[in-house]
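I opened this notebook to get my bearings in a structure that was new to me. My plan was to look at the whole chain, then at single residues.

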Amino acid sequence: MNKTKEKKIIKILLYLLQYPRTKEDILQQFKIKEGTFYKYIQYIKDSGFKIKKQNGFYYIFHFSKKIELNKTEELIMTNLLFCADSYLSKSKSKIFTDHIFYVLQNSNKTSFDTIKKLFEEQKKLNSENNIKNKIQQIQELIDKGKVVEILTKQNKRYLTKILDVILDKDKVFVLFYNKKEKCDQKILIDSIKKTEIIEDFNIYKGNTTETIFQLTNKLSKSYILKENERIVDKFDDKIIIANSSNNKKYLFKRLLRYDEYCKILFPKSDVEKFKLFLKEATENIKA
């Protein structure tokens with residue numbers, strides 16, 4: 001590398017050490033092209049400097065040692081990171097975490113490493129406890145022979161009976177029969193977002209031409225049965241209704257008004273048709 005390039009890279013390094021800068025700011029300040037910018041950033045990284053990007057700004061990650069954190073403050077920082085990781089969405093958690101680590105630059109590497117280690121240990125312990133609880137809950141479902149609807153974190157749904165919980169290569173899986181694929185299937189237990197028991201499943205199956213739907217909240221107390229409808233089951237907080245009408249479009253329009261308090265359960269074909277109906281209705285509103 002010639003001396004002119006070296007000098008420019010050093011100037012960019014010093015420029016980033018002063019304040020966070022945008023890519024456009026650096027391009028304009030040093031009269032370089034975008035491709036050259038990325039090359040110079042890589043040279044700086046290869047030299048051992050940690051370059052971070054946050055909200056479009058590049059900065060050199062270094063410790064200014066402006067503040068000294070005590071043990072209590074380190075624990076508070078750790079708990080903040082843990083709460084963000086546990087209760088916020090991935091995108092919001094990342095924004096929050098980036099800000100915390102940016103603040104930690106004002107401390108020292110010892111505090112930073114301590115907080116990072118405590119956070120990772122707490123996160124691992126929480127994950128292990130969650131898996132243990134899930135194993136216990138799923139084993140109870142297996143023992144009782146319950147039909148359940150499995151909802152995964154990828155928003156996939158399976159209506160089935162769980163067959164077993166198995167350990168394979170230090171990972172825990174749930175084994176169940178996939179009716180659609182006509183084979184046993186296993187998924188990571190950690191990928192399961194929710195399992196909902198379908199009470200009296202055989203009653204719900206009934207007439208395959210009927211649409212079985214569930215109403216919750218106040219609707220479960222005040223709903224008046226329409227023509228061609230019957231009560232399949234009733235609980236303290238929900239009611240299960242079967243509708244034998246052939247006019248599915250009219251039924252879907254009516255159920256749409258009940259918003260989140262209504263859910264179609266069976267048959268699966270009606271569930272898919274209702275999803276399509278919702279999608280088309282949403283697109284018409286946006287148009």
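**Surface and overall form**

I began with the surface. The protein chain exposes about 19,500 Å². Carbon and sulfur atoms supply 52% of that area. The model is a predicted one, and I kept that in mind throughout.

Next I looked up burial. Of the 287 residues in the protein chain, 35% count as buried.

Then I checked the dimensions. The C-alpha atoms of the protein chain fill a box of roughly 85 × 50 × 40 Å along the principal axes. I compared the radius of gyration with that of a compact globule. A compact globule of 287 residues would come out near 19 Å, but the protein chain has 28 Å.

I asked how many helices and strands the protein chain has. I found 10 helices and 12 strands.

Residues 24 or more positions apart account for 54% of them.

I also noted the charges. The protein chain carries 59 positive and 38 negative charges. Their mean positions are 7 Å apart.

I moved on to the loop between helix H2 (23-30) and helix H3 (34-46), where Lys31 lies. Is Lys31 buried or exposed? Lys31 has a relative accessible area of 70%, so it is exposed.

Ile32 is also found in the loop between H2 and H3. Here I got a buried residue: Ile32 counts as such because its relative accessibility is 11%, under the 20% limit. I listed what Ile32 touches, leaving aside neighbours within four places in sequence. Its contacts are Lys8, Ile12, Ile26, Leu27, Phe37 and Tyr40. I followed up on Lys8. Ile32 and Lys8 are 24 residues apart in sequence, and their C-alpha atoms are 9.8 Å apart in space.

I looked up Met77 in helix H4 (residues 71-87). At 15% relative accessibility, Met77 counts as buried. Beyond its neighbours within four places in sequence, Met77 is in contact with Ile100, Val103, Leu104 and Ile115. Met77 and Lys182 are 105 residues apart along the chain, and their C-alpha atoms are separated by 49 Å.

Leu125 belongs to helix H6 (residues 109-144). Its relative accessible area is 49%, so Leu125 is partly exposed; exposed would need over 50%.

Asn217 sits in the loop between strand S9 (211-216) and helix H8 (219-222). I read its phi as near 60°, a positive value in a residue other than glycine. Asn217 counts as partly exposed, at 42% relative accessibility.

Ser245 lies in the loop between strand S11 (238-243) and helix H9 (248-256). With a relative accessible area of 17%, Ser245 is buried. What does the side chain of Ser245 reach? I found the backbone nitrogen of Asn247, at 3.1 Å.

I turned to the last stretch on my list. Phe266 and Pro267 are joined by a cis peptide bond, with omega about -15°. Pro267 is in the loop between strand S12 (262-266) and H10.

Asp270 is within helix H10 (residues 268-286).

The side chain of Asp270 makes a polar contact with the side chain of Thr211, at 2.5 Å. Apart from neighbours within four places in sequence, Asp270 is in contact with Glu210, Thr211, Lys248, Phe252 and Ile264. I looked back at two of these in my earlier entries. Strand S9 spans 211-216, and helix H9 spans 248-256.

Definitions and conventions
Residues numbered from 1 in each chain as written. Predicted model: local features only at pLDDT ≥ 70, side-chain atom pairs only at ≥ 80, totals over all residues. Heavy atoms only, no water. Helix = DSSP H or I, 4+ residues; strand = E, 2+ residues; numbered from the N terminus. Polar contact = N/O pair within 3.5 Å; in protein donor to acceptor, adjacent residues only side chain to side chain. Contact = heavy atoms within 4.5 Å. Rg over C-alpha atoms; globule rule 2.2 N^0.38 Å. Buried < 20%, exposed > 50% of the residue type's maximum accessible area, 1.4 Å probe, protein only. Areas by Shrake-Rupley, 256 points an atom, 1.4 Å probe, with all protein chains shown as cover. Lys, Arg positive; Asp, Glu negative; His and termini not counted. Charge placed at Lys NZ, Arg CZ, Asp CG, Glu CD.
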